[in-house]
Amino acid sequence: MHLRIIACLLSAILLSSASLPKKGPLPEKRPVEAETTKPVEEKTEKDAPAPNKDKTPLPTPEDTEPLPQKPEAEPEPVLTIEPEDGKEYAACLTALKQIGATFNEERRIDDGKGCGIDKPLTLETVLPGVALKPEGKMRCETALELARWTKDAVLPAAKVALKNEGPLTAIDQASSYVCRLRNNGTTGKISEHARGNAIDIASFTFKSGKSIEIQPRDEDPTLTGAFQRAVTATGCLYFETVLDPGSDEAHENHLHFDVQERKNGYRFCR
C-alpha cells in the first residue's frame with residue numbers, strides 16, 4: 001500500500017519537471033486541386049431571350065427563309081385597229097355605189113381598247129328605196145355584204161312570202177358599230193361590232209306599214225315564219241357568222257351578221 005503511494009508521488013514530480021512546448025503543431029494546408037472546367041458565365045438580363053407572351057412557337061431557321069417570289073403576270077395583249085388595204089377599200093366603195101347603196105365616208109374611229117374602224121362609213125340606204133334605220137357606222141365590206149344579201153335573198157323571199165305587204169322599204173338595225181365586248185359582257189373577247197364587222201337586224205318594214213320582227217320562228221308554219229327562216233339561212237352565203245334566235249338567249253330578238261374571216265374559209269351559222 002505504502003509502495004503505491006510512493007510511486008504516484010514520484011510520477012507527479014517527474015511530470016512537473018518536464019518542459020512542454022507552448023504551442024502544438026499546426027495542421028498542413030490541403031493542396032489546391034487544379035480547375036478542370038471553366039467557370040459558368042453569369043447571364044445578364046440583356047442576354048436573356050425576350051419572353052414569349054403570346055406563347056406562339058418561335059421561328060425556326062426554315063421559317064425564316066425568304067418565300068419564293070411569284071412570277072410576274074404576263075402583260076395583256078395590246079389591241080389595235082387593223083389597217084385596211086387602200087386598193088381593196090376603193091374597190092369596195094365602187095361595188096357599193098354600183099349596187100345602189102348610199103353612204104358617207106367618215107374619219108378614222110379610235111375609241112381605245114381595240115375599238116375602232118380604220119376606214120369607216122355611215123350607211124344610209126342599203127338599196128334604192130330600202131333604207132337602213134337608223135343609219136349605221138361600219139366597214140365598207142360589212143355594208144357591201146348587207147346590200148348583196150338584201151338584193152339577192154331578202155327581196156326575192158319577201159316578194160314570194162309577203163307580196164300583199166308591198167315592197168320592202170326598210171331594214172331596221174339594232175346595232176352596228178359600238179365599242180363593247182361580246183354579248184355586252186364585262187369580260188371576254190371584244191365584239192365584232194367594236195371593229196365595224198357586224199350588224200344586228202331587228203326587223204323588216206314593208207310599204208303597207210307591216211313590220212316583221214325577228215323572234216323564235218323555227219316552228220312557225222306561216223309565211224312569216226318561212227320568210228324569216230329563208231333570210232336567215234341565206235345569210236350564211238354572204239356573212240362568215242350568222243346567229244339567230246335559236247342560237248342563245250342573247251340573240252332571241254335579232255339576227256347577228258358579221259364578216260370576220262376564219263381559218264380555211266370556215267363559217268359559223270346557227
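Let me begin with a word that I will need throughout: a residue is called buried when its relative accessible area is under 20%, exposed when that area is over 50%, and partly exposed in between, using a 1.4 Å probe and protein chains only. By that rule Cys115, with a relative accessible area of 3%, is buried.

Before going on, please keep in mind that this is a predicted model, in which local features need pLDDT of at least 70 and side-chain atom pairs count only at pLDDT 80 or more, while totals for chains, interfaces and linings use all residues. Residues are numbered from 1 along each chain as its sequence is written, and side-chain values use heavy atoms, with hydrogens and water left out.

My topic today is the disulfides, a disulfide being a pair of cysteine sulfur atoms within 2.5 Å. How many disulfides does this rule give? The count comes to three, and if we number the bonded cysteines of the chain in sequence order, the pairing reads 1-3, 2-4, 5-6.

I will also mention helices (H or I, at least four residues) and strands (E, at least two), which are DSSP runs numbered from the N terminus.

Let us take the pair of Cys92 and Cys140, whose sulfur atoms are 2.1 Å apart, and whose link is left-handed, with -100 degrees about the S-S bond. This pair connects distant parts of the chain, since Cys92 sits in helix α2 (residues 86-99) and Cys140 in helix α3 (residues 140-161), 48 residues apart. Cys92 is buried at 9% relative accessible area, and Cys140 is buried as well, at 1%.

Where do the two partners lie? Cys115 is in strand β3 (residues 115-117), whereas Cys179 is in the loop between β6 (168-175) and β7 (198-206), so that the pair links distant parts of the chain, 64 residues apart. Cys179, at 36% relative accessibility, counts as partly exposed.

That leaves Cys236 and Cys269, which form a disulfide with their sulfur atoms 1.4 Å apart. The torsion about their S-S bond is about 55 degrees, so this disulfide is right-handed. Because Cys236 lies in the loop between α4 (223-235) and β9 (241-243) and Cys269 in strand β11 (residues 268-269), the pair ties together parts that are 33 residues apart in sequence.
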